[in-house]
Amino acid sequence: MSERTTAQPEPDASSDDASTDEQTQTEVTSGATSVIRALENAGVETAFGVQGGAIMPIYDALYSSGIRHVTMAHEQGAAHAADAYGVVKGDPGVCLATSGPGATNLVTGIADANMDSDAMLALTGQVPSDMVGSDAFQETDTTGVTAPITKHNYFASSPDTVGDTVGEAFALAGTGRPGPTLVDLPKDTSLGETDHEPGEAKPPATCKPRLDPDDADVEAAARAIERAEKPLLLFGGGVVKGNATDAARSFANAHEIPVVTTMPGIGTMPEDDELCLSWAGMHGTGYANMAITHTDCLIAVGTRFDDRLTGGIDTFAPEAQVVHIDIDPAEISKNIHADYPVIGDAGRSLDRLDAEMEHSPDAREWREQCLTWKDEYPMDYAAPDDEPLKPQFVVEALDEATPDETIVTSGVGQHQMWAAQYWTFREPRRWVSSHGLGTMGYGLPSAIGARLAADDDETVVCVDGDASFLMTIQELSVAVREELDITVAVLNNEYIGMVRQWQDAFFEGRRMAAGYDWCPQFDKLAEAFGARGWTVDSYEEVPDAIEEALAYDGPSVIDFHVDPAENVYPMVSSGAPNGKFALSEDQL
């Protein structure tokens, strides 16, 4: 759903959000109004948060602003919603919370955005400056707590400079390698008088990411690719963050080089394209992992080579020379040695590399081999009529029933892997999930953020698990209140499924604390929140339930009771070579 505004309520009217019909500039009279003016200057249209004592002056200033505020049920939900809003929109999302528990409740969401390089600005209230360090009511050292998980954070000490600080933090979040920033706002700074109007949102002068790669580095990388007999492109999340999808696809097509992606890079190459081998790693396709294992030249773009992608570092792409393109020099040779480092913006670097290429590598036989692997290791599954409903079937049914441009969010666990494996993604910013931190509960609040960032005619589906859904289910009340058209598909196997799978495989079947047969009936709980709910137990019920849920103009929840014994395959055991993926438990 696109941004909407509502009429400004009378002072005695009941309203969750205060906004005006048109975006207006807030008059600067205090630190708090300067903060809101800075957000307006930055083009912020929507913010997510939870009220509280120390942040109250900021909310009071927000009251008359055209910025839409969405009150979430929990601060973690506010951070995840802002994160997903930014992923879909392409600009930093904004969240707010009060001091102490409000700020610490944001921490999981901030850490999640940091691990996935998602641009986000968090604004937190703080006790008055002269009380900092006194263990005052709801005091926490927010800048100290969040220093390791933010791109940068600020303690706002003056009402005259706080607006410029907020603008700088917003711009910094989306500059270079994106990430979360935070501004801690002591109450005296927010309430203090000022008439200083903040300027344009811009990053600090010291922030100068290298956008254009070094010519010599590009030339060396081009010669290496030209010599390759088995070249392979690896598109990571940095291709999405850098809006480099067009350049990436153009390079792949121009030189007919097969493509694998990381999970954050899903959608950078259409998954139904013949060159695309889908995503690689622990639960990636067998053919993607075989390609990585046998390539002689890996051209990696915008990836940090995390352990879920690489498996064992010593066995990752063992035959390959590695070309690594990344805007962050800290990622070069951090995990995987780069034989040919190229530091720069992903799109610009690929365009420069393309221009430098004198000829494409001769990779016809290699492309045929990759197609052979697709045939040898298909992504199929058994679905006997006499066994419980298979989760893969549900994902495929949802994909078939929805438009190609559907936005899919997920929690974390087996359901996340099935959604990534069995949904065919063709565009970037359509897959919204928690990758690096692996945050259960991400799915529903991220669907709210995605819905508010999306166009009216775009469909938003959350594929969740029973345990993951339960962690942030209170946000369903927000979706109902805001009349958001979201369909939640719960793949309910009555377990923390990935934990159960690992316990069966590596802990001799001791299923300690993995069972979730005590969960509530999600269809009835959805109805109690004011949403629509369905329970599905059989294959025959799947199509009608999906059709009805998608047709309902509002939040809906389908509780799919799926096979509790189903596992996620392929699977590369932790630390194992990518080419040694298992297709069943007895191969682990």
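**Briefing: cores, strands and backbone features**

Leaving aside neighbours within four places in sequence, Phe560 is in contact with Leu389, Val394, Ala489, Val490, Leu491, Asn492, Val536, Val542 and Ile546. The model described here is a predicted one. Phe560 and Phe305 touch the most other members of the largest nonpolar core, which has 60 residues. Apart from this core lies another, of 50 residues, with Ala84, Tyr85, Ala97 and Ile110 among them.

**Parallel strands around β11**

- Strand β11 covers residues 321–326 and is mostly covered, with 5 of its 6 residues buried.
- On one pairing, β11 is joined to strand β10 (residues 297–301) in the parallel sense over 5 bridges.
- Within that pairing, Ile299 has Val323 of β11 as its bridge partner.
- Strand β12 (residues 340–343) also runs parallel to β11, and 4 bridges join the two.
- Val323 takes part here as well, with Tyr340 in β12 as its bridge partner.

**The loop between α20 and α21**

- Helix α20 spans 497–506 and helix α21 spans 522–529; Phe507 lies in the loop between them.
- Together with Phe506 and Leu588, Phe507 makes a nonpolar surface patch of about 260 Å².
- Glu508 is also placed in the loop between α20 and α21.
- With a relative accessibility of 69%, Glu508 counts as exposed, since the exposed class begins over 50%.
- The phi of Glu508 is near 55°, a positive value in a residue other than glycine.

**Backbone exceptions**

- Most residues other than glycine have a negative phi, and most peptide bonds are trans.
- Ser278, which is not a glycine, has a positive phi of about 70°.
- Ser278 is found in strand β9, residues 276–279.
- Ser278 counts as buried because its relative accessibility is 9%, and buried means under 20%.
- Both Ser278 and Glu508 have a positive phi, but Ser278 is buried, whereas Glu508 is exposed.
- Tyr569 and Pro570 are joined by a cis peptide bond, with omega at about 0°.
- Pro570 lies in the segment after strand β18, which spans 556–561.

Key:
Residues are numbered from 1 along each chain as its sequence is written. This is a predicted model: local features need pLDDT of at least 70, side-chain atom pairs count only at pLDDT 80 or more; totals for chains, interfaces and linings use all residues. Side-chain values use heavy atoms; hydrogens and water are left out. Buried means under 20% relative accessible area, exposed over 50%, partly exposed in between (1.4 Å probe, protein chains only). Two strands pair if DSSP finds at least two bridges between them. Patches are made of residues with over 30% relative accessible area and no salt bridge: like charges are joined within 9 Å, nonpolar side chains (Val, Leu, Ile, Met, Phe, Trp, Tyr) within 5 Å. Accessible areas come from the Shrake-Rupley method with a 1.4 Å probe; for residues, only the protein chains shown count as cover. A salt bridge is a side-chain nitrogen of Lys or Arg within 4 Å of a carboxyl oxygen of Asp or Glu. A nonpolar core is a set of buried Ala, Val, Leu, Ile, Met, Phe, Trp, Tyr and Cys residues joined through side-chain atoms within 4.5 Å. Contact means heavy atoms within 4.5 Å.
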